[in-house]
Amino acid sequence: MFLNSLLHRILRSLAMFAIAVSLLWGAISPPVLAQTADCTVEGACLPFPPVPSASNAEETLQESTMIRREEPNYLPDDAPNILIILLDDVGFGQAEAFGGEIHAPTIQRLWDDGIAYNTFHTTAICSPTRAALLTGRNHQKVHSGTITERALDWDGYLGVIPDTTATLPAVLREYGYKTAAFGKWHNTPATETTKMGPFDRWPTGYGFDYFYGFLAGETSQYEPRLFENTNAIEPPHEFPDGSPYHLSEDMANQAVTWLRQRQAYSPDKPFFLYWAPGAAHGPHHIFSELADKYKDDEGNSLFGDGWDALRARTFERQKNLAWLPLAADAVDTPRPEGMRAWSEIPESERAFQIRLMELYAAFVEDVDTQAGKIVDELEAEGIRDNTLIFYIWGDNGASAEGQNGSISELLAQNQIDNTVDEQLQALSDQFGTEEDPSGLSALGTAKTDNMYNAAWAWAGDAPFRYTKLIASHFGGTRNPLVISWPAKITPDSTARSQFHHVNDITPTIYEILGITPPEEFYGISQDPIDGVSMAYTFNNADAPGQKKIQYFENNGSRGIYDDGWYACTFGPLTPWIAGSSPDLENWDSRDDVWELYDLTTDFMQQNDLADTYPDKLEEMKQLFLQEAEENKVFPIGGGLWTRIHPEDRIATPYTSWTFDTNTTRMPEFTAPGLGRESNTVTIDVALNGNDSGVLYALGGASGGLTLFMKDGKLEYEYNMLLLDRYKAESTAIAPGPHTIQVQTTFTSSDPFGPADVAIRVDGTQVASTTVERAVPAAFTASETFDVGTDLGSPVSLDYADNAPFSFTGTINTVKVDLANPEARHFLPVLSPFFD
């Protein structure tokens with residue numbers, strides 16, 4: 001043991017010397033090198049030192065002996081398998097288990113076999129919650145104070161989990177765990193998701209042996225932009241049994257396949273499986289027959305009386321649940337300002353609004369059902385009893401980003417002025433049929449990117465105030481948690497009401513396994529863990545809470561918990577109202593009005609004590625500032641910066657590109673802004689005559705632009721998020737070599753357009769159109785730029801049935817030049833983006 005330790009110290013010293021020499025030559029940026037780690041403590045320094053050979057190597061075989069070295073086991077003999085299930089954008093009061101009306105059998109099943117927590121918290125937003133979960137640290141501490149699309153160059157907002165905070169799967173892998181992640185990632189900067197990486201910031205670079213899922217904040221459930229490890233892959237249109245493809249089911253199937261491979265190849269190794277499907281983030285894609293289950297036998301919707309009635313029913317049921325500390329005479333909090341009452345919704349809109357909720361409910365039920373398939377597999381393999389399952393019902397509260405209800409959810413994110421009547425007209429015009437002239441049947445399909453009204457989200461966050469993105473109040477941050485481990489946790493319906501946070505999951509796992517959080521990981525000194533273990537609650541529902549302080553912050557909405565007290569301030573953004581904060585540039589966080597609550601008697605944040613205890617409030621505000629400084633939260637509201645300064649959004653530095661047909665799956669955030677900036681696209685082609693297929697496309701079915709040929713004619717379409725489709729068509733182009741040029745010119749400084757589009761062949765204009773309304777920020781969250789094909793969901797209905805509609809001629813090059821890169825268009829204030 002002494003020799004091993006000595007050898008390890010020598011190797012580490014040599015490594016440090018090599019780095020020091022390198023620094024003298026300016027070859028690398030200095031990492032944070034370990035200075036104080038005591039590597040004689042087992043696990044304090046990872047990786048573990050190599051095991052010396054037990055063999056004896058002499059000059060001849062006859063004199064030598066060969067004895068295989070035995071790798072030590074650093075885990076308890078009964079180390080459990082670990083499964084984390086993390087749903088997306090679901091509310092506290094939506095599942096039947098928690099008083100809601102959405103059937104969710106799997107979380108109820110696990111609760112029946114385990115325990116549940118009613119004061120568990122997230123960060124109110126996607127990427128930060130996931131970063132805190134996987135590291136055991138506060139989100140700004142791990143440089144994830146905002147979503148990756150809005151990453152900034154302050155340490156708390158870089159969007160890159162640093163080497164000083166080794167992830168849970170990376171540590172578990174050193175201890176012998178097999179690790180895999182399935183579903184949504186959203187912890188890699190948007191500009192680093194191309195085929196060029198860098199891949200050390202993808203899931204496989206953060207400790208996962210295997211990854212199957214998508215990198216963006218959302219994706220189509222029918223044509224998801226999938227990756228297997230670091231390779232882009234295309235999903236099938238149907239499963240082997242002939243049933244139609246859906247991402248949630250695929251995620252479950254892939255997880256089951258991986259479990260079976262682990263059982264076949266390394267049955268003695270425990271596993272860590274992170275299952276984070278895209279549901280129920282928008283778009284709310286689900287099969288109509290599943291949504292129809294939320295109608296009664298007469299065809300009347302269970303949600304037909306609207307969101308106010310749904311919230312009231314949910315709240316009444318919650319008062320009767322022993323799981324929640326609500327008095328029989330408790331009164332619900334009011335609907336937030338800016339959300340319309342159901343009685344204000346005109347009859348002409350109601351079928352639309354109701355259908356959106358039915359689709360959402362079915363989407364949630366389906367993903368919960370798919371999670372159940374993984375639990376079934378654990379039982380079939382006989383390993384369920386010793387599998388520790390954390391089922392986190394949401395990475396934040398239910399989402400209000402659908403605002404008034406939407407057929408194309410990025411209408412709100414792009415702040416494109418529209419009405420529900422306008423959307424209904426677009427549905428009817430584009431998708432209406434003789435059987436369904438309204439086109440409502442297109443909702444939930446691949447043709448739309450529908451998302452429900454913000455008021456449905458508020459109803460689903462009962463009994464709390466507000467929604468996702470609001471970090472000050474529990475409608476944005478409080479999510480049910482169920483933990484099940486039959487071998488060690490006795491099922492108990494009694495609620496665990498100790499205040500806990502998503503950063504507590506990792507230290508809980510470390511305590512169970514007897515793992516010392518590493519002080520040094522591959523030579524890099526590690527930041528301390530911020531979370532505290534929850535293991536003390538497993539078999540003692542009434543154990544005093546051990547988490548004393550926890551701050552919250554998202555886009556200036558913020559709060560601070562201190563041993564039963566909670567102080568908070570709403571912040572400058574109202575996510576359910578488009579353009580709600582036009583004066584962000586002048587917002588000063590020091591002027592915000594704070595509230596104060598005693599959570600020991602006020603579960604729902606109803607009784608503001610700020611005026612009663614002003615000294616306590618001031619003490620809490622100062623505590624927040626202290627925590628903010630220690631955790632890299634400054635500047636407060638840092639995630640708002642690109643709403644004030646959109647020119648600073650992360651983007652590639654290029655202003656000209658040369659592509660060919662090898663260019664596919666280029667994420668929109670790294671691609672030329674063909675739909676939002678003046679530009680010229682020049683295509684060198686050889687035509688066979690009567691050619692068809694896509695020359696290039698950007699975006700997808702819910703919004704994008706495309707240049708394609710059909711029967712020898714050039715066709716251009718700008719799909720303005722389903723509301724408008726601007727088109728141009730040429731006459732037939734003769735066979736042979738040609739230069740095709742598409743010139744887009746924004747005719748004013750207004751990022752919403754208009755823009756003139758002129759198409760030329762060999763210098764002669766052959767077609768043109770005017771884009772009256774442009775998309776100023778992004779067509780989609782995860783669709784891509786493709787040359788010679790349109791992968792993913794098709795931009796144009798004119799070739800949707802033949803997608804990906806590969807080009808039949810020859811494309812030599814596609815060159816893109818921005819016309820005036822120093823005067824690029826930017827939208828001054830963007831709504832929350834792909835959160």
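A disulfide is a pair of cysteine sulfur atoms within 2.5 Å. In this predicted model, a search of the whole structure finds one such link. Cysteine 39 and cysteine 45 form the disulfide, with their sulfur atoms 1.9 Å apart. The link of cysteine 39 and cysteine 45 is left-handed, with -75 degrees about the S-S bond. Cysteine 39 has a relative accessible area of 18% and is therefore buried, as buried means under 20%. Cysteine 45 is buried as well, at 5%. Cysteine 126 has 0% relative accessibility and so counts as buried. Cysteine 568 also counts as buried, at 0% relative accessibility.

The structure holds ten cavities of 30 Å³ or more. The largest cavity has a volume of about 200 Å³. Its lining is made up of 18 residues, and those closest to the centre are Thr193, Ala216, Pro667, Ala781 and Ser782. By class, the lining of the largest cavity divides into eight nonpolar, five polar and five charged residues. The second largest cavity has a volume of about 110 Å³. It is lined by 15 residues, of which Thr219, Ser220, Asp449, Ser702 and Glu783 are the closest to its centre. Seven residues of the lining of the second largest cavity are polar, four are nonpolar and four are charged.

Attention then turned to a sheet. Strands of a sheet pair through backbone hydrogen bonds, either parallel or antiparallel. An open sheet of six strands shows antiparallel pairing, in the order 20-29-22-23-24-25. Strand 20 (666-667) and strand 25 (724-732) are the edge strands, and each pairs on one side only. Strand 20 pairs with strand 29 (residues 784-787) in the antiparallel sense, over two bridges. Methionine 666 has phenylalanine 785, in strand 29, as its bridge partner. Pro667, at one end of strand 20 (666-667), is among the residues closest to the centre of the largest cavity.

Two cis peptide bonds to proline are described here. The peptide bond from glycine 197 to proline 198 is cis, with omega near 5 degrees. Proline 198 has its place in the loop between strand 5 (178-184) and strand 6 (210-214). Glycine 282 and proline 283 are also joined by a cis peptide bond, with omega about 0 degrees. Proline 283 lies in the loop between strand 9 (271-276) and helix 6 (288-291).

Positive phi values were noted at residues other than glycine. Alanine 124 is not a glycine, yet has a positive phi of about 85 degrees. Alanine 124 sits in the loop between strand 4 (120-121) and helix 3 (126-135). Its relative accessible area is 0%, so alanine 124 is buried. Arginine 665 has a positive phi near 60 degrees, and is a residue other than glycine. The loop between strand 19 (656-659) and strand 20 holds arginine 665. Arginine 665 has a relative accessible area of 5% and is therefore buried.

Terms used: Residues are numbered from 1 along each chain as its sequence is written. This is a predicted model: local features need pLDDT of at least 70, side-chain atom pairs count only at pLDDT 80 or more; totals for chains, interfaces and linings use all residues. Side-chain values use heavy atoms; hydrogens and water are left out. On a 1 Å grid over the protein atoms alone, a cavity is a set of points where a 1.4 Å probe fits but cannot get out, and a pocket is an open set with protein on both sides within 12 Å along at least five of seven lines; lining residues have an atom within 4 Å of a point. Grid points are joined across faces, edges and corners, and a volume is the space filled by probe spheres set on the points. Ala, Val, Leu, Ile, Met, Phe, Trp, Tyr, Cys and Pro count as nonpolar, Asp, Glu, Lys and Arg as charged, and the others, Gly among them, as polar. Buried means under 20% relative accessible area, exposed over 50%, partly exposed in between (1.4 Å probe, protein chains only). Two strands pair if DSSP finds at least two bridges between them. Helices (H or I, at least four residues) and strands (E, at least two) are DSSP runs, numbered from the N terminus.
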